[in-house]
Amino acid sequence: MRGMAMNLSDGEEVVLDLHPHWGRLFIPVVVLLLACLLAGFGVALIPKGGGQQIERWILIAIAAVVVIWRTILPYLRWLTTKYVLTTDRLVIRSGIMARHGRDIPLNRINDVSFSETVLERMLRSGTLVVESAGDNGQISLTDVPKVEHVQREVYRMVDQNLGRTGPMSVADGGRGAARGGGAGAAPTAGDEAPGQG
């Protein structure tokens with residue numbers, strides 16, 4: 001898998017391999033440009049001389065700290081955050097030095113929803129909310145690119161995965177189990193995943 005060490009089980013394939021939306025990098029890029037511009041302008045204003053050389057280095061050091069803190073670290077956090085959908089699970093990885101991860105088996109997902117602000121809709125990103133069975137019942141993935149498409153893909157893969165183990169569809173919010181749908185029951189039209197639209 002690109003840029004991420006992850007062991008896939010036999011027959012498991014990667015469907016989506018995503019970083020958060022590039023919009024998360026907008027402010028870090030603006031900070032980088034402003035820091036370089038202001039530092040260069042400040043250095044140019046300091047008159048030449050032996051004592052002024054220290055002032056120049058202090059100004060450059062301040063600009064470097066700002067760039068590291070507000071540009072490089074956010075970029076590394078973006079680069080090391082991954083949202084991966086496979087044929088068997090939803091995988092979340094994050095962290096620069098200390099790594100954090102969570103794997104959600106598709107057959108435990110009960111519902112998938114998304115939300116977009118006006119700006120996020122313009123940028124084609126949003127928050128994906130995944131509800132699953134277990135102690136940690138809900139997880140929110142922020143800044144997901146093309147979030148509505150990702151939601152449809154998760155639905156599709158959940159239904160495909162459950163089709164191998166039982167007829168219950170996530171499209172009906174997992175209510176198939178409450179209706180007593182067994183392994184031999186036939187799926188209904190309402191159990192089909194949403195269209196790709």
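Mentor: Begin with a cut-off: a residue is buried when its relative accessible area is under 20%. Keep in mind that this is a predicted model.

Trainee: How many of the 17 residues of H4 are buried?

Mentor: Helix H4 is mostly covered, with 12 of 17 residues buried. Among them are Val147, Val150, Tyr155, Met157 and Leu162.

Trainee: What covers the buried residues of H4?

Mentor: The cover includes strands E1 and E2, along with E5 (109-115), E6 (125-132) and E7 (138-145).

Trainee: What span should H4 have?

Mentor: Count 1.5 Å a residue, and the 17 residues of H4 should span 24 Å. The end C-alpha atoms of H4 are 24 Å apart, so the two values agree.

Trainee: Now the sheet. How do strands of a sheet pair?

Mentor: They pair through backbone hydrogen bonds, either parallel or antiparallel. Here, 4 strands make an open sheet, ordered E1-E2-E3-E4, with antiparallel pairing. Its edge strands, E1 (14-18) and E4 (100-105), each pair on one side only. On average, neighbouring strands are turned by 10° against each other, direction ignored.

Trainee: Where does H4 pack on the sheet?

Mentor: H4 (residues 147-163) touches E1 and E2 (82-86). The direction of H4 makes about 150° with that of E1.

Trainee: How many bridges join E3 and E4?

Mentor: E3 (residues 89-94) pairs with E4 over 6 bridges, in the antiparallel sense. To find your place there, look for Val91, which stands opposite Asp103 in E4.

Note on methods:
Residues numbered from 1 in each chain as written. Predicted model: local features only at pLDDT ≥ 70, side-chain atom pairs only at ≥ 80, totals over all residues. Heavy atoms only, no water. Pairing = 2+ DSSP bridges. Helix = DSSP H or I, 4+ residues; strand = E, 2+ residues; numbered from the N terminus. Axes fitted to C-alpha atoms, helices over the stretch in contact; angles between N-to-C directions. Contact = heavy atoms within 4.5 Å. Expected span 1.5 Å × (residues − 1). Buried < 20%, exposed > 50% of the residue type's maximum accessible area, 1.4 Å probe, protein only.
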